[in-house]
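Work through the exercises below with the sequence and the model open. Each task is followed by a solution in steps.

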Amino acid sequence: MTAGPGPARTPARRKARQLAKYLRAERPDYAYLKEVFRHLREELAVEVARAPKRLLYTGVWVAELVRIRIADVDLDTCRIRITRGKGGKDRVVPFPAAFKETLALHIDAQRRAGAVFLFESSWKKPYSDRGIRKILARYTQAAGITASISPHTLRHFLFTWLKTQGIDDALIQPYSGHATRQSLEIYSRLALADAQQRYDDVIGDFPV
């Protein structure tokens with residue numbers, strides 16, 4: 001395998017196996033490997049084209065957000081399970097693939113701190129609904145926004161925007177939580193894969 005006119009390169013998978021021989025005994029975790037390869041890029045003077053950071057656009061209710069546990073996050077599929085959400089329903093919501101690395105680092109830090117929930121305060125407790133609203137109010141003020149913005153406003157804006165991008169209601173419904181348990185099961189089986197793809201196609205253009 002070659003790359004342009006430069007020297008021949010070992011196939012990436014084989015190179016990974018070679019490096020693994022040196023690292024396996026140390027049982028490295030994700031954060032350690034990320035740090036190692038950051039220094040390796042510096043040693044090799046490799047410049048990284050950085051993608052713009054994306055926020056966590058899931059459309060969950062704030063009451064659901066504060067109850068998300070670390071175990072509910074699937075980094076491989078970029079999905080979060082909402083257990084007994086509004087109306088007592090379970091569902092799965094996506095997050096942007098561009099947010100995966102940032103979220104993985106956050107989860108690693110939370111685990112090392114002994115956290116159970118995805119978002120916990122310095123008191124080692126999950127945030128309350130009121131706490132999240134106060135945080136949003138501080139950010140709103142810092143951004144110079146005079147209008148009152150609630151978490152529900154942001155949720156409504158996301159789903160309205162997805163609709164304007166031409167995404168069918170049937171594809172939005174599994175994420176929104178507005179469904180009976182019976183219809184949710186049907187939509188989840190038939191539409192989840194398509195919804196994930198359409199979500200990934202358009203979420204990069206979501207206006208911050």
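**Exercise 1.** Determine the strand order of the sheet and the direction of its pairing.

Solution. Start with the order: three strands form an open sheet, arranged β1-β2-β3. The pairing is antiparallel. Strands here are DSSP runs of E with at least two residues, helices are runs of H or I with at least four residues, and both are numbered from the N terminus. Two strands pair if DSSP finds at least two bridges between them. Next, find the edges: β1 (73-74) and β3 (91-94) each pair on one side only.

This is a predicted model, in which local features need pLDDT of at least 70 and side-chain atom pairs count only at pLDDT 80 or more, while totals for chains, interfaces and linings use all residues. Residues are numbered from 1 along each chain as its sequence is written, and side-chain values use heavy atoms, with hydrogens and water left out.

**Exercise 2.** How many bridges join strand β2 to β3, and which residue of β3 is the bridge partner of R79?

Solution. Strand β2 covers residues 79-82. Four bridges join β2 to β3, and the two run antiparallel. R79 has P94 as its bridge partner in β3.

**Exercise 3.** Locate R27 and K124, and decide for each: buried or exposed?

Solution. Take R27 to begin with.

- R27 sits in the loop between α1 (12-23) and α2 (30-43).
- Its phi is near 50°, a positive value in a residue other than glycine.
- R27 has a relative accessible area of 75% and is exposed. The classes are buried (under 20% relative accessible area), exposed (over 50%) and partly exposed (in between), with a 1.4 Å probe and protein chains only.

Now take K124.

- K124 is found in the loop between α4 (100-112) and α5 (129-142).
- The phi of K124 is near 65°, positive in a residue other than glycine.
- K124 is exposed, at 52% relative accessibility.
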